Amino acid sequence: MRAIIVVGMLAATAHATPRDFTPEVKQLYASVACGDGAKSVHCAEVEKSIASWRTRWRDKVQPFVAAHVASPPTTVVYPFGGGDLATALAVYPDATDYTTLSLEGMGDPRSAAHPTATQLAKFRAVLVANLGWAWNTTTQLSIDSSETGAGIPGILALTMTALAANGYEPVSARFFTLGRDGAIAYVGDDELRAWDARPLARPTHKADNSLQVGLFSDVEIRFRKLGDPAAPVKTFRHLAADLSDDGTAAAIAFVAARPSFAVVTKAASYLLWKPTFAQLRATLLAHMAVMVSDDTGIPPHLAVGFVQDVWGSYHGAFFDWADKVTAREFAAYWKAHTQGPLDFRFGYYDDKRQPHLMITHK
């Protein structure tokens, strides 16, 4: 027998014995993300990467968006986000509910109870790449997520590092699956036992652009300011989903259940340009109040009813496989409407390796 729990704006189906993954996630936060201020060679390197990210990126992006986006919704949706909570927190620091959606899953937190020096060194390499570069590929993130349970689950560890970098700590953690209507069903002890009993040779993901499927793909983490039990609790959810029109209808239903939200997206492979992502695009346009993006946001001719403000310079798409017609549209739009230079990169460069940013709003 299942109980119905209200989560956000959706009814959530809870199994009889929901599994609490808070201890494992807090351990990951402490031992890998160094959120508890531990002193070690590993933590010194992690803090160095975080400090560089703050100085070179977050501390430029945050005041820029705050100056140009007034009172955004407190609910944030980040399609093609790869679990990138660091960017979501930088762009919308005052939000209370964050959802990232992408092909990649989070990974099993139990696999990192006692990380080795080699595993920690590998994670630091992943961290440097993610904090020091503007994007990562689905193939690499698929490898980093370690859904198979071997080593540190990279994307989940990056999420913990995002919390630590912004002065937050995890309060609770549960994994879930979505029903076709977008309702959440939390993973219970029965599902966990069945997962652990599966043949070990069974693959759970591929190192390519396919959707990761597994028990540890979708997560809900509640968090608050570090060391302040009275601080408001915020919620982060990640959904592993194919957002194309042929993909996961449940994820679109989950997003559509939110009446109003802010959006951030960057380095999204120009997918919102494509006719095969029409359903996602329509859902965003129907519910979003504002979107902060690079050129992989919504093209001007499709952003009907919205105003688009742009900064930086744009002459064409960074990757030559992007649609040429849409790239020319953006180039003409930037030439006519740019509001000034941009001193940080937000997602892709243009084809002349120049930064650019777009705010789409009502």
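## Strand S12 and its two partners

In this predicted model, Met291 stands opposite Thr360, a residue of strand S12. Strand S10, which covers residues 288-293, pairs with S12 in the antiparallel sense, and 4 bridges are found between these two strands. Strand S11, residues 307-312, runs antiparallel to S12 and is joined to S12 by 6 bridges.

How many of the 6 residues of S12 are buried? The strand, which spans residues 356-361, is mostly covered, with 5 of its residues counted as buried.

Helix H2, residues 41-68, packs with helix H6, residues 154-165, at an angle of about 70°, and the axes of the two helices lie 11 Å apart. Angles of 65 to 115 degrees count as roughly perpendicular, and H2 and H6 are therefore roughly perpendicular to each other. On the H2 side the contact is made by Ile50, Trp53, Arg54 and Arg58, while H6 contributes Thr161, Ala164 and Ala165. By residue class, this contact of H2 with H6 comprises 4 nonpolar, 1 polar and 2 charged residues.

The arrangement of H2 with helix H4, residues 117-132, is described by axes that come within 10 Å and cross at roughly 5°. Because angles under 35 degrees count as roughly parallel, H2 is roughly parallel to H4. The residues of H2 that take part are His42, Glu45, Val46, Ser49, Ile50, Trp53 and Arg56, and they meet Leu120, Phe123, Arg124, Leu127, Val128, Leu131 and Gly132 of H4. The contact of H2 with H4 divides into 8 nonpolar, 3 polar and 3 charged residues. Ile50 and Trp53 of H2 are listed in the contact with H6 and also in the contact with H4.

## Aromatic pairs and an aromatic cluster

A search of the whole structure gives 22 aromatic pairs. One of them is formed by Tyr168 and Phe223, whose ring centres are 5.0 Å apart and whose planes make an angle of 85°, an edge-to-face arrangement.

Are the two partners buried or exposed? Tyr168 has a relative accessibility of 7% and therefore counts as buried, and Phe223 is likewise buried, with a relative accessible area of 0%.

Elsewhere, one aromatic cluster is formed by Tyr270, Trp273, Tyr314, Phe318, Phe319, Trp321, Phe330, Trp334, Tyr348 and Tyr349.

Where is Phe216 placed? Phe216 lies in the loop between helix H7, residues 189-196, and strand S7, and since its relative accessibility is 0%, Phe216 counts as buried. The C-alpha atom of Phe216 is separated by 9.0 Å from that of Val187, although these two residues are 29 residues apart along the chain.

## The chain as a whole

The secondary structure of the chain comes to 10 helices and 12 strands, and 56% of its 362 residues count as buried. Among the contacts between residues at least 6 apart in sequence, 75% join residues that are at least 24 apart.

Key. Residues numbered from 1 in each chain as written. Predicted model: local features only at pLDDT ≥ 70, side-chain atom pairs only at ≥ 80, totals over all residues. Heavy atoms only, no water. Axes fitted to C-alpha atoms, helices over the stretch in contact; angles between N-to-C directions. Parallel < 35°, antiparallel > 145°, perpendicular 65-115°, else oblique. Contact = heavy atoms within 4.5 Å. Nonpolar A, V, L, I, M, F, W, Y, C, P; charged D, E, K, R; others polar. Buried < 20%, exposed > 50% of the residue type's maximum accessible area, 1.4 Å probe, protein only. Pairing = 2+ DSSP bridges. Phe/Tyr/Trp six-rings, centres within 6.5 Å; stacked < 30°, edge-to-face > 60°.
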